[in-house]
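Hello,

Here is the structure for you to look through. My notes on it follow below.

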Amino acid sequence: MKIEINVDEKIEDTQIRISCKRLTPEIEKLLATIRMLDKQLAVTKEEETILLDVYKVAYIEAVDRKTFVYTEKEVYETNFRLYELEQQLEEYGFFRASKSCIIQLKYVKSLKTDLNRRIRVTLENGEQIIVSRQYAEILKERLGVR
C-alpha cells in the first residue's frame with residue numbers, strides 16, 4: 001500500500017482519494033473509519049449500506065460475534081467490533097455499559113440501582129440496559145449523579 005500526502009495552502013477542502021484494483025473489506029473498513037470522522041457510521045440493513053449520523057445512535061450491542069446499532073426506532077448491523085466503536089465514539093458521548101454494550105449518554109432517561117451494585121438504565125426509547133458493576137461508578141461520575 002502506498003500513502004501519499006499533498007500539503008498545499010491553496011487547497012480549500014480536504015480531499016481523500018483512494019485508488020485500488022478492487023474494493024476489499026479492508027478498504028471498506030478504512031472508508032467507514034474516515035466517515036466516522038465526519039460523524040457518520042456505516043451500517044447495513046437488508047443488504048443496504050446506510051451512512052448513519054452517530055448522534056442518532058442510542059446504543060450498540062455485540063451479540064453472537066455480530067455488532068448491532070440501535071436508534072430510537074431501527075436496528076442495523078455494522079462490521080466494526082464493539083471495542084473499535086467504543087474507541088472511536090467516546091468523544092461523541094458514548095460509554096461502555098458492559099462487556100457487550102456501549103450506550104449514548106444523551107439517550108439516558110433514568111437510572112435505577114439493581115442487584116449486585118449494577119445499574120438499570122432506561123433510555124429515551126424505553127429500552128433498558130444493565131450497566132455492570134465494573135462500569136456503574138464511572139457512569140454515575142460521567143452523568144454527575146451520586
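Of the 19 residues in the largest nonpolar core, which touch the most other members? They are Y59, I103, V121, L123 and V131. A nonpolar core is a set of buried Ala, Val, Leu, Ile, Met, Phe, Trp, Tyr and Cys residues joined through side-chain atoms within 4.5 Å; buried means under 20% relative accessible area, exposed over 50%, and partly exposed in between (1.4 Å probe, protein chains only).

This is a predicted model: local features need pLDDT of at least 70, side-chain atom pairs count only at pLDDT 80 or more, and totals for chains, interfaces and linings use all residues. Residues are numbered from 1 along each chain as its sequence is written, and side-chain values use heavy atoms, with hydrogens and water left out.

V131 touches F95, A97, R118, I119, V121, A136 and L139, leaving aside residues up to four places away in sequence (contact means heavy atoms within 4.5 Å). A second, separate core has 17 residues, including V43, V69, L89 and F94.

The whole structure holds three aromatic pairs. Rings of Phe, Tyr and Trp (its six-membered ring) pair if their centres lie within 6.5 Å; planes under 30 degrees apart count as stacked, over 60 as edge-to-face and the rest as tilted. One of the pairs is Y55 with Y92: the ring centres are 5.8 Å apart and the planes at 90°, so this pair is edge-to-face. Y55 is partly exposed, at 32% relative accessibility, whereas Y92 is buried at 11%. Y59 and Y70 are stacked, with 4.3 Å centre to centre and 5° between the planes. Both Y59 and Y70 are buried.

Regards
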